[in-house]
Amino acid sequence: MDKKEIQKTDNDFLQNIYEILESARKNAKTAVNLSMVYAYYEVGRMIVEQEQHGENRAAYGQKILQELSVYLTENFGKGFSVGNLKNIRQFYKVYSNDQIGETVFSESDKLPSVATGRKFYLSWSHYLKLMRIENIEERHFYEIESVKNDWSLSELKRQYDSSLYERLALSANKEEVYRLSVEGHKVEMPKDAVKDPYVLEFLGLPELPEYSESELESRIIDHLQQFLLELGTGFAFIGRQVRFTFDEEHFIVDLVFYNRILRCFVLFDLKIGELKHQDIGQMQMYVNYYDRKVKMEDENPTIGVLLCKEKNNAVVELTLPEDNSQIFASKYNTVLPSKEKLQKLLEEQLSGEYGGEQE
């Protein structure tokens with residue numbers, strides 16, 4: 001064994017021990033955070049029950065919070081201002097009448113539950129954000145997705161601000177919208193892995209008066225972690241400007257990913273202008289090449305996504321076959337969408353569906 005091999009073995013040894021200890025520290029931190037969430041729930045319950053004893057509940061409740069804040073601050077230090085105690089009280093009020101399915105959480109059997117049977121899976125900071133979402137279906141969706149994808153608080157906020165729930169729900173029927181609040185976003189078919197629109201505000205492109213497709217691609221690579229988060233569950237990056245040769249001609253795919261859940265390649269072609277039927281035909285050829293020359297027999301058919309600034313739905317529908325399930329055209333936004341506008345569109349869509357059934 002030469003010196004280089006010895007050095008590599010030593011590095012692996014050190015890295016393995018580091019990963020064990022880092023995992024243990026993370027698990028310990030998670031356990032402490034969860035313990036505080038359950039404790040805050042009980043504190044909130046006790047505050048609410050104590051407030052109910054006063055005749056003038058508003059005045060009595062404020063007096064309780066002030067006295068409790070002073071007492072807890074003297075004994076535990078910072079973190080128990082009247083404002084924080086109001087959050088703890090509100091947390092109990094929101095979640096004392098709230099249930100969420102446990103079947104989507106693999107670790108649910110290991111967690112305790114409060115008197116109502118409710119279990120908590122995330123940090124207190126996550127629940128501070130979640131409990132302010134008034135729509136209960138939307139609140140459940142973001143809780144489920146935060147657990148399934150191990151979202152940090154900043155990732156949760158970004159997905160909420162980018163209106164992920166509304167974007168997924170707008171392309172679904174009412175049964176699928178309900179499933180979002182029960183199971184989260186499940187990727188079972190090719191269309192489930194594709195969003196429309198994609199929100200790419202993290203690229204910082206609005207500051208540019210104009211940009212090229214190569215600039216768009218470079219920004220995506222520079223912000224690959226955020227782009228993978230926007231793509232969703234199961235995506236792994238394969239390469240950029242992936243070249244292949246067919247019939248003595250050279251072709252280049254802008255971005256290639258692999259989805260571990262669907263077990264297929266996902267090809268992205270970037271367009272900064274309006275999508276043309278020639279672009280769709282080119283993507284069809286890319287997909288055919290990967291299906292016939294690259295993917296293995298036990299892998300599923302390749303998905304192609306044309307990511308464009310503008311698209312004409314009529315052109316897309318006429319160019320693609322009626323039974324198309326492999327090629328998709330999606331718009332991208334370089335600024336956060338209007339959440340209020342998307343919520344209104346979703347309400348109109350659902351009320352239209354319900355109205356249609358009642359006729």
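This is a predicted model: local features need pLDDT of at least 70, side-chain atom pairs count only at pLDDT 80 or more; totals for chains, interfaces and linings use all residues.
Me: Let's start with helices. Which residues of helix α9 are buried?
Reply: The helix spans residues 213–222, and its buried residues are L216, E217, R219 and I220. They lie on the same side of α9, because the arc they cover around the axis is only 160°.

Me: What is the general idea behind that?
Reply: An α-helix has 3.6 residues a turn, so residues three or four places apart point the same way.

Me: And what covers the buried residues of α9?
Reply: The cover includes the helix α10 (224–231) and the strands β2 (235–246), β3 (249–259), β4 (264–274) and β6 (327–333).

Me: Next, aromatic rings. How is a pair of aromatic rings described?
Reply: One gives the distance of the centres and the angle of the planes. A search of the whole structure turns up 29 aromatic pairs. One of them is F257 with F268, an edge-to-face pair with 5.6 Å centre to centre and 80° between the planes. F257 belongs to strand β3 and F268 to strand β4, so this pair ties together parts that are 11 residues apart in sequence.

Me: Are F257 and F268 buried or exposed?
Reply: Both are buried.

Me: Which residues form an aromatic cluster?
Reply: One cluster is made up of Y38, Y40, Y41, F91, Y92, Y95, F120, W124 and Y127. Y95 also has a charged neighbour: R139 lies over its face, at 5.8 Å from the ring centre. Elsewhere, K339 lies over the face of Y160, at 3.9 Å from the ring centre.

Me: Where do E145 and K148 lie?
Reply: Both are in helix α5 (residues 136–148), three residues apart, about one turn of the helix. E145 is buried at 3% relative accessibility, whereas K148 is partly exposed at 36%.

Me: Which residue forms a salt bridge with K339?
Reply: E166 does, and the closest N and O atoms are 3.2 Å apart. This pair links distant parts of the chain, with E166 in helix α7 (residues 164–169) and K339 in helix α13 (residues 339–358), 173 residues apart. E166 is buried, with a relative accessible area of 1%, and K339 also counts as buried, at 12%.

Me: Which residues do salt bridges that share partners join into one network?
Reply: The network consists of D98, R118, R139 and E143. R139 is the residue that lies over the face of Y95.

Me: Last, cysteines. How many disulfides are found in the whole structure?
Reply: The search finds zero.

Technical notes: Residues are numbered from 1 along each chain as its sequence is written. Side-chain values use heavy atoms; hydrogens and water are left out. Buried means under 20% relative accessible area, exposed over 50%, partly exposed in between (1.4 Å probe, protein chains only). Helices (H or I, at least four residues) and strands (E, at least two) are DSSP runs, numbered from the N terminus. The arc is that of the directions from the helix axis to the C-beta atoms. Contact means heavy atoms within 4.5 Å. Rings of Phe, Tyr and Trp (its six-membered ring) pair if their centres lie within 6.5 Å; planes under 30 degrees apart count as stacked, over 60 as edge-to-face and the rest as tilted. A charge sits over a ring if NZ of Lys or CZ of Arg is within 6 Å of the ring centre and within 35 degrees of the ring normal. A disulfide is a pair of cysteine sulfur atoms within 2.5 Å. A salt bridge is a side-chain nitrogen of Lys or Arg within 4 Å of a carboxyl oxygen of Asp or Glu.
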